[in-house]
Every structure is written in C-alpha cells, then in structure tokens.
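Dear colleague,

I am passing on the structure below, and I would be grateful if you could look it over alongside the notes that follow it.

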Amino acid sequence: MMQVQRSFQDQHGYGTLYLVATPIGNLEDMTYRAIRILREADIIAAEDTRHTRKLLSHFEITPKQLFSYHEHNKHASGPELIRLLEEGNSVALVSDAGLPAISDPGADLVRLAIDGGIPVVPVPGANAALSALIISGMPTERFLFAGFLPRDKKKLQGELTKLKSAGCPVIFYEAPHRLRKTLSSIHEVWGDCPAVVVREITKKHEEALRGTVQECIQWFEAEEPLGEICLIVEAPGESPTDRNMWWEALPIPEHVSAYEAQGLTRKETMKQAAADRGLTRRDVYQACLDGQKNS
C-alpha cells in the first residue's frame with residue numbers, strides 16, 4: 001500500500017524519528033539544525049552513549065533521555081523506541097560519526113518506523129563516503145556504495161565478482177588492519193584499476209592517496225595503514241567476452257557451479273546463469289536437476 005509522509009504535519013499524534021548526522025572528525029561540521037534537534041528531542045538514541053555524551057557536552061546539550069541503540073541490542077531496543085514514538089515522543093537517532101542508517105543498525109529502526117506509519121526526517125550533515133568521493137578525482141556522475149566487504153575470503157571474492165560489472169567508482173569502508181588484504185583481493189579479481197585511499201577525513205591527519213590498486217598495495221607494504229579509511233576503486237565493468245563467451249562450452253550445471261565457486265549463493269548462481277544464457281531460472285533449475293539424474 002502506498003504510504004505518504006508529510007514530514008512536518010501531525011501524523012496521528014506520533015512523534016518523529018530524526019536521523020541526525022554528527023561530525024566524522026571535525027566538530028565544526030556539526031550543523032545548527034542538528035544541535036537544535038538534539039536539544040529539543042525527547043529521546044536521543046545513540047550507538048555508543050559514552051561517545052555521544054562527549055559530543056553533547058561539547059555543544060552544551062543536556063539530553064532529556066539518552067537511550068542505547070546498537071547492533072547488539074536493536075531487537076529489544078528498536079520496538080521500545082517505536083513504542084515511545086507512538087506515544088508522541090520525538091527521537092533523535094545518532095551514530096558514532098556521520099549519517100545514521102548508513103552501514104549502521106539505524107536502517108532497521110527506520111524500517112520499523114515506516115512500517116508503523118511514523119515520520120522519519122533526515123537532518124543532513126557529514127558523510128565519509130561522499131566526502132571521500134568528491135576529493136577522489138574520479139567520475140561522480142554515477143557511483144556505487146558497497147560499505148564493508150565480507151571477511152570470509154570466498155564470500156569476499158564472490159562479492160567482488162558481482163561488483164566488478166559496475167563500471168563506475170565503488171566506495172568501500174575498510175578497517176586499517178584489513179586494508180592490505182582487501183586491496184590484494186580487488187587486484188586479484190578486478191586487475192589494476194584506478195584507486196584512491198582516503199583516510200582520517202576532516203581530521204588533522206587527513207590524507208588521500210591516488211593511484212592504481214597495485215600502487216596502493218606497494219605503498220602500504222612500506223607504510224602502516226592507520227585511521228578510518230574510505231577506499232574508492234573504479235570497477236572495470238565486464239567486456240562482452242567476460243559476459244558472454246567464457247561459459248559457452250560448459251553444460252548448464254557446470255556454468256552454475258562456476259558461479260558457486262566464486263562465492264555466489266545458489267539463488268544468485270541460478271539467476272546469473274539464466275541471465276547469461278537468456279533463459280528463465282526455471283529452465284536453469286531443470287537443467288541442473290536433469291544433470292544430477294544423468295550423473
């Protein structure tokens with residue numbers, strides 16, 4: 001059913017869920033509106049209440065109620081926040097840095113609020129991914145945000161295989177201790193593409209390293225990766241040969257198995273093989289069943 005939200009009109013007496021951006025490093029990036037919303041909100045829901053108390057103290061904000069909401073308690077805290085919103089309380093959701101609901105459990109709370117007919121209002125501000133992109137020097141007409149990559153090597157390679165066809169800059173968040181492994185995996189799957197590593201955005205040691213994936217690998221063989229990192233790599237896209245030729249000599253079951261070896265799920269392999277061959281997923285599924293019977 002279509003749902004229409006008019007953000008600043010009364011929504012059946014419900015409170016409003018505000019998604020409030022906080023600085024990603026430089027406290028001067030806090031907006032006037034964000035400060036006002038945090039002062040006025042009945043409840044501030046925070047990923048780390050200790051971290052948020054320091055931020056509130058800096059801007060001389062005394063919260064009416066500070067509520068813990070994070071990945072490990074969201075299944076209990078989320079419904080409780082929805083109940084408070086339904087009672088007419090306004091809730092300001094903040095993450096430790098940047099926009100809440102981006103690679104963040106706030107997205108789950110947003111879905112609960114929307115399902116309950118509760119208005120969700122953004123209070124924009126700093127964002128690490130877009131800040132890194134606009135200084136990268138890469139094309140910005142079209143890009144893809146991929147967030148954090150899987151830790152498991154097979155799943156990592158499967159995800160990179162899927163992202164390779166994007167043909168545009170892909171933005172990743174990465175921890176410093178995993179950066180070298182991630183760069184090596186990207187080089188293995190995508191080849192030597194243009195890449196930018198941006199770290200410590202808006203902070204004293206902000207740094208942007210622009211080159212290729214291989215050059216970044218060589219740099220971080222000599223330099224220890226430090227700080228919070230955004231990695232942007234221009235995905236090569238797939239050539240017609242990549243997309244249409246490699247599987248032609250394979251029976252359909254082996255075509256599906258090749259995608260499974262890249263880390264794709266069974267459902268994804270069926271879908272991709274069907275797309276390659278111009279078949280339906282039912283056709284591919286039946287061919288795999290027939291192959292099992294004949295083996």
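What percentage of the residues in the chain do buried residues make up? Of the 295 residues in the chain, 42% are buried. Please keep in mind while reading that this is a predicted model. The secondary structure of the chain comes to 12 helices and 10 strands, and its C-alpha atoms fill a box of roughly 70 × 50 × 30 Å when this is taken along the principal axes. Among the contacts in the chain with a separation of 6 or more, 71% are between residues 24 or more positions apart.

Helix packing

Helix α6, which covers residues 153-163, packs with helix α7, residues 179-190, at an angle of about 50°, and the two axes are 10 Å apart. On the α6 side the contact is made by L156, Q157, L160, T161 and L163, which meet K181, S185, I186, E188, V189 and W190 in α7. The residues of this contact divide into 6 nonpolar, 3 polar and 2 charged.

Aromatic pairs

The structure holds 3 aromatic pairs. One of them is formed by F172 and W190, and this pair is tilted, with 6.2 Å centre to centre and 45° between the planes. F172 lies in strand β7 (residues 169-174) whereas W190 lies in helix α7, so the pair ties together parts that are 18 residues apart in sequence. Elsewhere, ring pairs link F145, F148 and Y173 into a cluster.

A loop residue

Is S90 buried or exposed? Its place is in the loop between α3 (74-86) and β4 (91-94), and S90 counts as buried because its relative accessibility is 14%, with the cut-off at under 20%. Leaving aside residues up to four places away in sequence, S90 touches G15, T16 and Y18, together with E40, A41, D42 and I43.

Methods:
Residues are numbered from 1 along each chain as its sequence is written. This is a predicted model: local features need pLDDT of at least 70, side-chain atom pairs count only at pLDDT 80 or more; totals for chains, interfaces and linings use all residues. Side-chain values use heavy atoms; hydrogens and water are left out. Axes are lines fitted to C-alpha atoms, for helices over the stretch in contact, and angles run from 0 to 180 degrees between N-to-C directions. Helices (H or I, at least four residues) and strands (E, at least two) are DSSP runs, numbered from the N terminus. Contact means heavy atoms within 4.5 Å. Ala, Val, Leu, Ile, Met, Phe, Trp, Tyr, Cys and Pro count as nonpolar, Asp, Glu, Lys and Arg as charged, and the others, Gly among them, as polar. Rings of Phe, Tyr and Trp (its six-membered ring) pair if their centres lie within 6.5 Å; planes under 30 degrees apart count as stacked, over 60 as edge-to-face and the rest as tilted. Buried means under 20% relative accessible area, exposed over 50%, partly exposed in between (1.4 Å probe, protein chains only).
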